[in-house]
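Here are my notes on the model, in the order I would go through them. Have it open while you read.

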Amino acid sequence: MARFHPMLAVTGIMLYIALGEGAITDCVDASSCNGHGTCPSPCSAPCSCTDGYGGHDCTIPPICTAAGSECGANGACTTSSSPYVCTCSNGYSGPTCTVAPICTATGNQCGTNGACTTSATPYVCTCSNGYTGALCTTAPICTAAGSQCGTNGACTTSATPYVCTCSNGYSGSTCTVAPICTAAGSQCGTNGACTTSATPYVCTCSNGYSGSTCTIAPICTAAGSECGTNGACTTSATPYVCTCSNGYSGSTCTIAPICTAAGSQCGTHGSCTTSASPYVCTCTDGYTGSLCTTAPICTAAGSECGTNGACTTSATPYVCTCSNGYTGALCTTAPICTAAGSQCGTNGACTTSATPYVCTCSNGYSGPTCAIAPVCTAAGNQCGTKGGCNTCTSTYSCQCYSGYGGTTCATAPPCTARGSECKNGGSCDISTFPYTCTCPSGLTGATCQGAGSQVTFFVATLIVSALSSLFFMQY
């Protein structure tokens, strides 16, 4: 029979950490900046990059230089911020100003229904005569002299695109949807009237009726007895509704209250509150429940909370307020550490300022009793050549550089910032470690070449490794 091997558990934990590790933006020391910047404030600020590089760890190279020609004849290199970027002119756009504008000041790309706006980059067509679209080729649904809006609308040409403004209660893009009622019609019946002050026309109901054409009768009437002897019909709004009294509730006031002013339904630990409907039991002495029958877990004079707690009776229900680090409903769960104890070991101390007491770890250790050693140390080389030990937080961890990832920064990225490793239109995502290629829809693989995603390959490698370890342990 196959045996469980601890290596599988470790592999699973490592996989979770590797996949879930997020980007850490604050630098630890100068090595965090990959040789292209300095660390101005360790543990509290990102790298200050030089040489035109950018990014929190200075791994994004500049796309241009002050004296270079990378931006071409239609751009200039802006070096006032990092990373350096091309600022385009003459309507051009793109990282290196190679994307030509869709129109020019003296051209006719915008046709007879538009003009090229050159006050900003990139240049764009500003349409007229109701036309829209990038090149002003999409005709409006109506024209000033046309009849597209029919006899129940008019073309509004004060803005682009032109639109039909409907009248006579009609609606729709070309005013072809007839209203549900008309001023002289009887569509709203005898319990409503057609409101024609806005478009579309609508039925305004009366006599408590509701519905689009006022055909839904109210549940009660002013002179009726629908609300019974414990309610009255409120007719000040539509639809009419029953307003209940004597603690009754329900749409027609047929649900009796659970208690009455003179009754004993609430027992000896409560009283009936009759100031609103429905009536309810207001409990005392720490009791709870709809009829105040649930006893409290402790009492003022009792010992239910033990020697490490006291019964708090200022609110309902009564509860045990624990002390000495104890927790639980009756303060019976002992704390994991004590002020004078050594439960937290040499890498932690017991914090007793709140309940429950907890171990506050140091030196990168973690766990309930600070027994889990950190993956790296400040003076160690556990993170290899592509990472440094982040000691800024209570739990030390490897902070990776240059796009590397993994618990000890041993996983190389398949791409680099501004690199061309991601094929077929993919881009390098530098927001996580390791860097990964973000592929267009339908493409997979570490570099978007359809060979299976990088995550799948990484998971498969770990699974094969784990299964191999399990296999050899059995023989």
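Is threonine 112 buried or exposed?

1. Threonine 112 is exposed, at a relative accessible area of 74%. The scale here runs as follows: buried is under 20% relative accessible area, exposed is over 50%, and partly exposed is in between, with a 1.4 Å probe and protein chains only. The residue lies in the loop that links strand 4 (85–88) to strand 5 (114–117). Strands are DSSP runs of E with at least two residues, helices are runs of H or I with at least four, and both are numbered from the N terminus.

2. Before going further, a word on the ground rules. This is a predicted model, so to speak of local features takes pLDDT of at least 70, side-chain atom pairs count only at pLDDT 80 or more, and totals for chains, interfaces and linings use all residues. Residues are numbered from 1 along each chain as its sequence is written, and side-chain values use heavy atoms, with hydrogens and water left out.

3. Back to threonine 112. Its side chain makes a polar contact of 3.4 Å with the side chain of asparagine 113. A polar contact is a pair of N or O atoms within 3.5 Å; within protein, one must be able to donate a hydrogen and the other to accept it, and residues adjacent in sequence count only if both atoms are side-chain atoms. Threonine 137 is 25 residues away along the chain, and the two C-alpha atoms are 9.2 Å apart.

4. Now the chain as a whole. It has 2 helices and 22 strands, and 29% of its 475 residues are buried. Among contacts (heavy atoms within 4.5 Å) with a separation of 6 or more, 26% are between residues 24 or more positions apart.

5. How many disulfides does a search of the whole structure find? The count is 34, taking a disulfide as a pair of cysteine sulfur atoms within 2.5 Å. Cysteine 49 and cysteine 58 form one of them, S to S 2.1 Å, and both are buried. The S-S torsion of cysteine 49 and cysteine 58 is about -100 degrees, so this disulfide is left-handed.

6. Cysteine 127 is joined to cysteine 136, again by a disulfide, with S to S 2.1 Å. Both of these cysteines are buried, and a torsion of about -90 degrees makes the bond left-handed.

7. Cysteine 244 pairs with cysteine 253, sulfur atoms 2.1 Å apart. The torsion is about -95 degrees, so this disulfide is left-handed. Cysteine 253 counts as buried at 5% relative accessibility.

8. Both of those cysteines also touch asparagine 230, whose contacts beyond four places in sequence are Cys244, Ser245, Asn246, Tyr248 and Cys253. Asparagine 230 is in the loop between strand 10 (202–205) and strand 11 (231–234), yet it is buried, with a relative accessible area of 14%. Its side chain makes polar contacts with the side chains of asparagine 246 at 2.9 Å and threonine 229 at 3.4 Å.

9. Last, the largest nonpolar core. It has 13 residues, and Cys376, Cys383, Cys389, Cys398, Cys415 and Cys437 touch the most other members. Such a core is a set of buried Ala, Val, Leu, Ile, Met, Phe, Trp, Tyr and Cys residues joined through side-chain atoms within 4.5 Å. Leaving out residues up to four places away in sequence, cysteine 389 touches Val28, Cys376, Thr377, Ala378, Cys383, Tyr396 and Ser397.
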